[in-house]
Amino acid sequence: MATQRLALRIVNWQRTHGRNELPWQNTRDPYRVWLSEIMLQQTQVTTVIDYYHRFVERFPSVKSLANADIDEVLALWAGLGYYARARNLHACAKTVVDLWQGEFPELAADLETLPGIGASTAAAIAAFCHGQRVAILDGNVKRVLTRYFAIRDDITLTATNRRLWEIAQNEVPSHQLISAQPDAMARYTQGMMDLGATVCTRHKPKCKQCPVQQHCLANELGVPEEFPVKTVKRRDKPVRDLNLLWLTVNGHVLLEKRPDQGIWGGLWCLPTDTNICSQLGLGAAVPMASFAHELTHFRMVITPWRLHHAAASQTFQTLNKNQRWVPLLSLDGYGLPKPVRALLAGIDDR
DNA sequence: GATGCGTGGAA
DNA sequence: TTTCCAAGCAT
């Protein structure tokens, strides 16, 4: 049985020193909480804020999102990355409408059955909206807990994560604490993330400002930055070459919808087969200067192949239904990968 | 258990 | 410039 020393201090600290004015806070609307949690997966708060506002404005309810076209959802998501989140977001909205009468389930265990919602996101929604006693375990919480308990196990291992989940669940506010403070679960959940994001940071943690400094083993050892332990297999960054056909005819550009699997899944993109223009009888494209697009696990080297065809009476033929001639003035309505958007906008992405 | 998935910011 | 990684999840 945990002592509640951590939980009580986190709850009280969060009330006065945590973040309490973010756009998705001060509501128990599961739709808004869910939307924010999906956007915040592997994505920093400052990046999410504008996207969140645009989504809520355009899709104020789970029903409106469920009724939307996936292409519009992806267009709103474009630039935020990890596009499977947007596809799962749409699938989740439809599932909530079709199988849950348009209301998100309350229990974390039920939320976790929905697409795009894993254990941590399910717990966050259930804790924020309904005060359920379930633990989250994101990067912030892992850092706080490994420091607080001086856990030197490699957090990339499954066994370590199992242990961290157990500890996290052990530390959630007790029934007694929740009776005294009904918002304790929401405060605690938010507080653990706030502490990790603003005080118990990866570099130069502000231990003097920490509400649990005197109980933190890593602080006692004087080496908080040694936690968490993470093995790094250093490998050379692989290079992927990508050809993009930049074909324009009379104010239109040929786009191609990418398959759901793989990078930029579901987005509209310049075609990757540079032979298309000759197959369409439009002549040969000319290679432009290549440029690099850096991703976490590889470097993408993009070579645009340019062809502008000025025929007055072009029929805008395509080779399959995944291709579409798009007016350049309508590009804003399409979800394009960041470097493709930059290329078409004439911005150098180097 | 390991891998793939985006983009932007910090050091 | 390079590396790391940020409110993880799916396969």
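**Figure 1. Division of chain A into two domains.** In this predicted model, chain A comprises domain 1, covering residues 5–226, and domain 2, covering residues 239–344. The centres of domain 1 and domain 2, taken over C-alpha atoms, are 37 Å apart.

**Figure 2. The contact surface between domain 1 and domain 2.** Six residues of domain 1 touch 12 residues of domain 2. About 700 Å² is buried between domain 1 and domain 2, and carbon and sulfur atoms contribute 54% of this area. On the side of domain 1, the residues that lose the most area to domain 2 are D71, Y83 and R87, which together make up 59% of what that side buries.

**Figure 3. Charged and polar pairs between the domains.** Two salt bridges are found across the interface of domain 1 and domain 2. R87 takes part in a salt bridge with D260, in which the closest N and O atoms are separated by 3.9 Å. Four residue pairs are in polar contact between domain 1 and domain 2, with both residues at pLDDT 80 or more. Helix α5 (residues 70–77) supplies three residues, the largest share of the side of domain 1 that touches domain 2. By class, that side of domain 1 consists of four nonpolar and two charged residues, with no polar residues.

**Figure 4. The protein surroundings of DNA strand B.** DNA strand B is surrounded by 23 residues, the closest being Y83, T158, R240, W264 and T296. Of the atoms of DNA strand B that come within 4 Å of the protein, 60% belong to sugar and phosphate. The surface near DNA strand B is made up of nine nonpolar, 10 polar and four charged residues.

**Figure 5. Individual polar contacts with DNA strand B.** In the side chain of Y82, an N or O atom is 2.8 Å from a base oxygen of DNA strand B. For Y83, a polar backbone atom lies 2.5 Å from a phosphate oxygen of DNA strand B. A phosphate oxygen of DNA strand B is also found 2.7 Å from a polar side-chain atom of H293. Strand β5 (291–294) and helix α15 (338–344) are the elements that give two or more residues to the surface near DNA strand B.

**Figure 6. Backbone geometry at P228 and Q4.** F227 and P228 are joined by a cis peptide bond, with omega about -5 degrees. P228 is located in the loop between α13 (217–221) and β1 (239–249). Q4 is not a glycine, yet Q4 has a positive phi of about 75 degrees. Q4 is placed in the segment before α1 (5–17).

Conventions. Residues are numbered from 1 along each chain as its sequence is written. Chains are lettered from A and ligands numbered from 1 in the order in which they are written. This is a predicted model: local features need pLDDT of at least 70, side-chain atom pairs count only at pLDDT 80 or more; totals for chains, interfaces and linings use all residues. Side-chain values use heavy atoms; hydrogens and water are left out. Domain bounds come from an automatic or database domain assignment. Contact means heavy atoms within 4.5 Å. Buried area is the accessible area (1.4 Å probe) that two parts lose on being put together, summed over both. A salt bridge is a side-chain nitrogen of Lys or Arg within 4 Å of a carboxyl oxygen of Asp or Glu. A polar contact is a pair of N or O atoms within 3.5 Å; within protein, one must be able to donate a hydrogen and the other to accept it, and residues adjacent in sequence count only if both atoms are side-chain atoms. Helices (H or I, at least four residues) and strands (E, at least two) are DSSP runs, numbered from the N terminus. Ala, Val, Leu, Ile, Met, Phe, Trp, Tyr, Cys and Pro count as nonpolar, Asp, Glu, Lys and Arg as charged, and the others, Gly among them, as polar. A residue is near a molecule or strand if one of its heavy atoms lies within 4 Å of it.
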